[in-house]
Amino acid sequence: MKNALKIIIVLFFLMAIQTQAQESQQYNAWNALFTSYSLTTSSSLLLEKHYRTKSFYSDQDQILVRPSISRKISKNATLSVGYTYISNGVGSNRVSENNLWEQLFVNYPITKSLRGFGWIRAEHRWVDSGSVNFSTRIRFRNGFTYPLNQKGLNLMAYNEIFLNFSNSFPAQFNQNWNFIGFSKQLSERFRLQSGYQRTSVNKNYGVLAKNIWFTILFWKLQ
């Protein structure tokens with residue numbers, strides 16, 4: 001089991017370390033607060049607030065607000081619908097986005113200790129950069145968590161690919177995320193997740209590689 005886990009971790013790093021000679025590089029930070037509120041035993045509200053910066057913490061890059069509602073449809077599956085507002089850049093170069101999305105999240109046991117998770121999310125996007133353009137993309141995330149001790153500390157890794165729709169089919173590569181880090185249950189209501197994320201974004205001039213330290217504080221109100 002330990003050897004298999006080592007192989008998985010190595011594969012995630014190999015996916016993240018790509019041919020940098022053909023890429024533009026950024027070294028950024030990303031912080032977020034996820035606040036959840038349980039409506040019933042099977043449904044809940046979630047509000048995400050994200051703040052992303054370039055050159056680690058030097059320059060503002062993106063502000064994102066994402067409210068959603070979720071309903072657990074089985075032991076291992078949850079359906080969500082939500083809205084996202086995104087503001088990119090600063091000053092006259094700012095680009096805003098409004099999108100509506102639907103998501104199916106699943107989690108499942110792989111072994112007694114190793115647990116897998118993933119989602120499929122469809123996003124319907126209105127991007128305003130002087131004129132409004134509509135597009136749809138789909139996101140596929142797959143990852144795992146592995147407990148490191150009895151005090152709520154877990155190793156966590158995932159890969160997520162974004163595909164833009166073309167002719168009603170998700171055929172165009174948009175971006176890819178690789179993440180590896182840790183998740184720690186701080187108390188009954190608070191959990192912290194932090195780690196390294198490499199984002200590869202398809203641009204007109206080539207690939208933009210973002211090396212990001214990504215931290216989320218999860219706060220459960222009820």
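Buried means under 20% relative accessible area, exposed means over 50%, and partly exposed lies in between (1.4 Å probe, protein chains only). By that scale Trp219 is partly exposed at 34% relative accessibility.

This is a predicted model: local features need pLDDT of at least 70, side-chain atom pairs count only at pLDDT 80 or more, and totals for chains, interfaces and linings use all residues. Residues are numbered from 1 along each chain as its sequence is written, and side-chain values use heavy atoms, with hydrogens and water left out.

**Aromatic pairs**

Rings of Phe, Tyr and Trp (its six-membered ring) pair if their centres lie within 6.5 Å; planes under 30 degrees apart are stacked, over 60 edge-to-face, and the rest tilted. The count by this rule is 10 aromatic pairs. Two of them are set out here.

| Pair | Type | Centre to centre | Angle between planes |
|---|---|---|---|
| Phe34 and Phe218 | edge-to-face | 5.1 Å | 70 degrees |
| Phe190 and Trp219 | stacked | 5.7 Å | 15 degrees |

Strands (E, at least two residues) are DSSP runs, numbered from the N terminus. Phe34 lies in strand 1 (residues 23-38) and Phe218 in strand 11 (residues 206-220), so their pair ties together parts 184 residues apart in sequence. Phe34 is buried at 11% relative accessibility. Phe218 is buried too, at 19%.

The pair of Phe190 and Trp219 also links distant parts of the chain. Phe190 is in strand 10 (residues 190-203) and Trp219 in strand 11, 29 residues apart. Phe190 is partly exposed, at 29% relative accessibility.

Ring pairs also join Trp30, Phe117, Tyr158, Phe162, Trp177, Phe179 and Phe214 into a cluster.

**Charges over rings**

A charge sits over a ring if NZ of Lys or CZ of Arg is within 6 Å of the ring centre and within 35 degrees of the ring normal. Arg191 lies over the face of Phe218, 4.0 Å from the ring centre. The charged end of Arg141 sits over the ring of Tyr158, at 3.9 Å from its centre.

**Nonpolar cores**

A nonpolar core is a set of buried Ala, Val, Leu, Ile, Met, Phe, Trp, Tyr and Cys residues joined through side-chain atoms within 4.5 Å. The largest has 13 residues. Trp30, Ala32, Tyr158, Phe214 and Ile216 have the most contacts inside it. Strand 1, strand 8 (153-166), strand 9 (169-185) and strand 11 each supply at least two residues of this core. Strand 11 gives the most, with four residues.

A second, separate core has six residues, among them Phe144, Tyr146, Leu155 and Ala157.
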